[in-house]
Amino acid sequence: MPTKEELIQRWDNFLTKIENRFNESLEQAEAACLEQLQATDYNLYTVMGSMQGIDAQLRNLIKKIDETWHSTVQPEMRFVGDFWINEYHKGIELNEKLYAVHTKFNRNLEYKLSILSYDNMMLKATKYINCAQCNAEVAVRLDIFRAQYLTCKFCNTVNTFEPEINFQMLGWSVVDNIATVRAQKEYDAMNNALELIGSYRGQAPADYWDAYKKTYNAYWEKYFHERIKLNAEAADRLEADLARKKKEFNSYEQIQRN
Ligand SMILES: [Zn+2]
């Protein structure tokens with residue numbers, strides 16, 4: 001029968017093996033996604049689909065910690081002595097660590113893929129059209145993902161330019177992904193403030209609500225402004241977007257505080 005020391009050693013080895021395999025899987029997943037992005041001529045939707053499959057694999061690997069603990073490790077240890085109580089936390093800690101790494105990994109990879117897609121879109125985007133009237137070159141605005149009406153500066157004819165459907169669709173989603181990551185710091189601050197309020201179960205002091213409101217506004221302002229940098233159209237919506245977010249905040253506050 002294995003001794004206490006042997007069982008602990010075996011458990012430690014198992015956890016190390018899981019962590020190593022997890023890290024290797026992340027590296028492989030990133031390489032595969034970047035490769036697929038190029039192979040599919042920057043079809044972000046296809047790659048995002050693959051990411052979901054990889055996600056499931058990684059989650060299963062994390063689950064193995066708990067499964068193995070309950071099916072094998074704990075029963076064996078319990079048979080030898082009480083020390084198993086002190087060993088369980090190692091599994092929980094690794095579980096939490098890998099979960100956090102996984103979340104961060106997804107966010108960063110999505111960001112990387114989005115930036116690459118955005119750059120590629122800009123590279124391939126139609127930059128000039130020829131005026132229907134005089135054939136002169138008319139410049140197209142690249143950071144607008146819908147139809148544009150472009151006035152020829154030679155003959156004043158208004159030309160309509162319609163970007164490819166692919167360009168129109170990707171425009172918003174890629175831009176949203178990038179803006180989300182660039183506003184991450186503000187998002188975390190907002191979330192922390194919200195969690196503080198949550199811990200009071202409807203009885204949070206007024207200054208907690210003030211703090212939340214401040215971080216909430218800071219997040220949405222940052223997010224919308226990051227979006228405008230990449231998509232000029234978003235500028236036209238800024239006021240309406242902010243007003244909508246303000247309204248959402250007010251109704252949330254009203255429900256929570258009454
Ligand atoms: Zn013209």
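**Exercise 1. Find the loop that holds Asn135, then decide whether this residue is buried or exposed.**

Step 1: Asn135 sits in the loop between β1 (128-130) and β2 (137-139). Helices (H or I, at least four residues) and strands (E, at least two) are DSSP runs, numbered from the N terminus.

Before going on, two notes on the model. It is a predicted model, in which local features need pLDDT of at least 70, side-chain atom pairs count only at pLDDT 80 or more, and totals for chains, interfaces and linings use all residues. Residues are numbered from 1 along each chain as its sequence is written.

Step 2: Look at the backbone. Phi of Asn135 is near 70°, a positive value in a residue other than glycine.

Step 3: Count neighbours. A residue is buried if 20 or more other C-beta atoms lie within 10 Å of its own, exposed if 12 or fewer, and partly exposed in between, with C-beta atoms placed from the backbone. Asn135 has 11 other C-beta atoms within 10 Å, so it is exposed.

**Exercise 2. Describe how β3 and β4 are joined.**

Step 1: Strand β3 (residues 148-151) and strand β4 (residues 158-161) run antiparallel, joined by four bridges. Two strands pair if DSSP finds at least two bridges between them.

Step 2: Opposite Leu150 stands Asn159 in β4.

Step 3: Six residues lie between the strands of this hairpin, and Asn156 takes a positive phi near 65°.

**Exercise 3. Check the span of helix α6, then find what covers its buried residues.**

Step 1: The expected span of a helix is 1.5 Å times one less than its number of residues. Helix α6 (residues 206-230) has 25 residues, so it should span 36 Å.

Step 2: The end C-alpha atoms of α6 are 37 Å apart, which agrees.

Step 3: The buried residues of α6 include Tyr212, Tyr216, Tyr219 and Trp220.

Step 4: Their cover includes α3 (84-124), α4 (165-182), α5 (184-198) and α7 (233-257).

**Exercise 4. Place Lys112 in the chain and say how exposed it is.**

Step 1: Lys112 belongs to helix α3.

Step 2: With 16 other C-beta atoms within 10 Å, Lys112 is partly exposed.

Step 3: Leu34 is 78 residues away from Lys112 along the chain, but their C-alpha atoms are separated by 8.7 Å.

**Exercise 5. Now step back: what pattern and overall dimensions does the chain have?**

Step 1: The chain has seven helices and four strands, in the pattern α-α-α-β-β-β-β-α-α-α-α.

Step 2: Along its principal axes the C-alpha trace spans about 95 × 55 × 20 Å.

Step 3: The chain has a radius of gyration of 26 Å, whereas a compact globule of 258 residues would have one near 18 Å. This radius is taken over C-alpha atoms, and the globule rule is 2.2 Å times the number of residues to the power 0.38.

Step 4: Of the 258 residues, 18% count as buried.

Technical notes: Two residues are in contact if their C-beta atoms, placed from the backbone, lie within 7 Å.
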